[in-house]
Amino acid sequence: HAVYVLAGIDLAEVNVQAGDVDVPLLSFKLLVPTGSVDVTLDSIRLDATNLLALDSAESLQVYIDGGTRGELDALDVPLATLNLADADALTFEFPTRTLAPELPLWLLVVGDF
């Protein structure tokens with residue numbers, strides 16, 4: 001059963017400098033196709049081909065986007081934090097969530113620099 005990753009907010013041009021925190025870097029939507037069974041999700045893997053700021057960030061956090069589609073606010077639910085100095089692979093691991101066909105999930109990745 002497939003999970004589609006759909007294009008989200010284009011955050012490709014984000015100016016960052018040392019000391020910046022909670023910088024929105026990537027927003028995307030996960031969608032289970034209509035007619036499919038529910039899908040469980042317990043991790044997300046990113047690499048430098050889809051998030052170029054990875055080389056510079058000290059840590060990254062992934063949030064469920066509470067509706068702002070690319071701006072971190074009080075509605076966003078934190079899923080996981082990745083401290084890049086300790087990471088061999090850029091894989092966010094979090095408690096299992098269930099995705100249903102009628103409930104797409106917007107995610108937001110922010111970084112500290």
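Reply: Of the 113 residues in this protein, 40% count as buried. The model is a predicted one. Among contacts with a separation of 6 or more, 75% join residues 24 or more positions apart. The accessible surface comes to about 6700 Å², and carbon and sulfur atoms hold 49% of that area.

The largest nonpolar core has 26 residues, and the members that touch the most others are Ile44, Val62, Phe92 and Leu107. At least two residues of this core come from each of β2 (23-31), β3 (39-45), β4 (59-64), β5 (77-83), β6 (91-99) and β7 (105-112). Strand β2 gives the most, with five residues. In soluble globular proteins, nonpolar side chains tend to be buried together.

Phe92 shows how these parts meet. Apart from neighbours within four places in sequence, Phe92 is in contact with Asp42, Ser43, Ile44, Leu46, Leu60, Gln61, Val62, Ala80 and Leu82. Two of these partners, Ile44 and Val62, are also named with Phe92 among the core members that touch the most others.

Polar residues are found in the interior as well. Ser27 is in strand β2. Its relative accessibility is 2%, which is under the 20% cut-off, so Ser27 counts as buried. A polar atom of the Ser27 side chain lies 3.5 Å from the backbone oxygen of Leu107, and Leu107 is itself one of the core members with the most contacts to other members. Ser27 and Tyr63 are 36 residues apart along the chain, and their C-alpha atoms are separated by 9.4 Å.

Asp76 is the other polar case, and its place is in the loop between β4 and β5. Asp76 has a relative accessible area of 7%; because this is under 20%, Asp76 is buried too. The side chain of Asp76 reaches two backbone nitrogens: that of Gly66 at 2.6 Å and that of Asp73 at 3.0 Å. Not counting residues up to four places away in sequence, Asp76 touches Tyr63, Ile64, Asp65, Gly66, Gly67, Thr68, Glu71 and Leu108.

Technical notes
Residues numbered from 1 in each chain as written. Predicted model: local features only at pLDDT ≥ 70, side-chain atom pairs only at ≥ 80, totals over all residues. Heavy atoms only, no water. Core = buried A, V, L, I, M, F, W, Y, C linked by side-chain atoms within 4.5 Å. Buried < 20%, exposed > 50% of the residue type's maximum accessible area, 1.4 Å probe, protein only. Helix = DSSP H or I, 4+ residues; strand = E, 2+ residues; numbered from the N terminus. Contact = heavy atoms within 4.5 Å. Polar contact = N/O pair within 3.5 Å; in protein donor to acceptor, adjacent residues only side chain to side chain. Areas by Shrake-Rupley, 256 points an atom, 1.4 Å probe, with all protein chains shown as cover.
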